[in-house]
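Hi,

Here's the structure I promised to pass on. Have a look at it first, then read my notes below.

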Amino acid sequence: MKDKRLILKLKQGDSKALNLIIERYSSYVYTVIRNIIGDYMSEEDIEEVASDSFVNLWNNSDKLSEDRPLIPYLSAIARNAAKNRFRQFHTEISFEDISSEPAGRDSIPELIENYQALSLIYDAVEQFNSIDKEIFIRYYFYGEKLEAIAKITDLTLSNCKTKLCRTRKKIKVYLTERGYDYEVKK
Amino acid sequence: MRSKNKWLKDYPMIDYKKADCKKIRNSVGEKLTEQKGEVIYMKKRSFKPLAIIGAVLAVSAASVFTVNAATDGAVVDKLKEWTGNVKICINGEKVEVPAKIKEIDVDEDRRIVEFEVDDENSDDDINIEYYEYYDESDIPDDLDVDMEISTENLNENK
């Protein structure tokens, strides 16, 4: 069953669709979470966060659009669930430190979780050159660490950070041009 | 038209790890049950109350009715033709109603059987999905279904 049909069925409250999504994407969600908080959490905790992510997907299925890919949204949910679990158990170190998020407020994860903005981000990402796209996808959709991304892309860490920073700015321009307020409204 | 998930293949994840899907699925089921008072793994589509008891039903695993069918490899076809009375225990009260197997799906480690129950006191179509999970591809050829219907902990379906 294709994702489009799975999303349609999920929106109708079909639990079989949820089961199929779990079967298809549990390893992906697990890996994203492990990439983000794996150094600080046990395997059981990571599985718990993964299941939280799918529960969240079920509870928010009405927000989904069958015309958009599921994975970026799943990654945003997983990232958010990982962040919440980390903050619940670790007060001595900030999530921003372990995730190497930029010093200022990084709106991208929240924007990704906003399904409308995610659609625009996805379109914007498609227009990046291949290396910028890879860094962005690996960092925000896969939860991979910048050190690992730098290694696999054969760039220095600082070069990788610079490219990611530029990419964020490009997304800001892209969203603003399309009438989207870049700053996330709470 | 390009695939919207094409980049998944373009950029394989670093250190991708296969998760324990069954464990995650069970955990999701437990959380949703807790959240909604609903057993989702055996939730049926267009679930409507049996007029016999006039209540909304949830289905949970336990013992009551059994369908056995030995097979010679054509189990799905044979089982699809199965019709008969099934005994369903609803909150401890046993009810016998005509039923037939509507659909059988087999995945890698799972078999889903959808029963259609005919309740003469109701105009509603009542379908019950029964899920069986197995390790890897170790799905037996025969079908041995045990289940109990409970009206507890369910007020409405999503």
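**What I found**

Let's start with a cysteine: B:Cys21 has a relative accessible area of 16%, and because buried means under 20%, this residue counts as buried. A:Cys160 is buried too, since its relative accessibility is 0%. Keep in mind that this is a predicted model. As for disulfides, a search of the whole structure, over all chains, turns up 0.

Now for chain B as a whole. How many helices and strands does chain B have? There are 3 helices and 6 strands, and from the N terminus the order is α-α-β-α-β-β-β-β-β. The chain has 158 residues, and 41% of them count as buried. If you take the contacts in chain B with a separation of 6 or more, 56% are between residues 24 or more positions apart. Chain B exposes about 8,700 Å², with carbon and sulfur atoms supplying 43% of that area.

Over in chain A, take a look at helix H1, residues 3–11. Which of its residues are buried? They are A:Asp3, A:Leu6, A:Ile7, A:Lys9 and A:Leu10. Looking down the axis of H1(A), you'd see these buried residues fall within an arc of 165 degrees, so they line one face of the helix. What do the buried residues of H1(A) pack against? Their partners are helix H2 (15–37) and helix H3 (43–59) of chain A. After H1(A) comes A:Gly13, which has a positive phi, near 80 degrees.

Cheers

Conventions:
Residues numbered from 1 in each chain as written. Chains lettered and ligands numbered in written order. Predicted model: local features only at pLDDT ≥ 70, side-chain atom pairs only at ≥ 80, totals over all residues. Heavy atoms only, no water. Helix = DSSP H or I, 4+ residues; strand = E, 2+ residues; numbered from the N terminus. Buried < 20%, exposed > 50% of the residue type's maximum accessible area, 1.4 Å probe, protein only. Contact = heavy atoms within 4.5 Å. Areas by Shrake-Rupley, 256 points an atom, 1.4 Å probe, with all protein chains shown as cover. Disulfide = S-S within 2.5 Å. Arc of directions from axis to C-beta.
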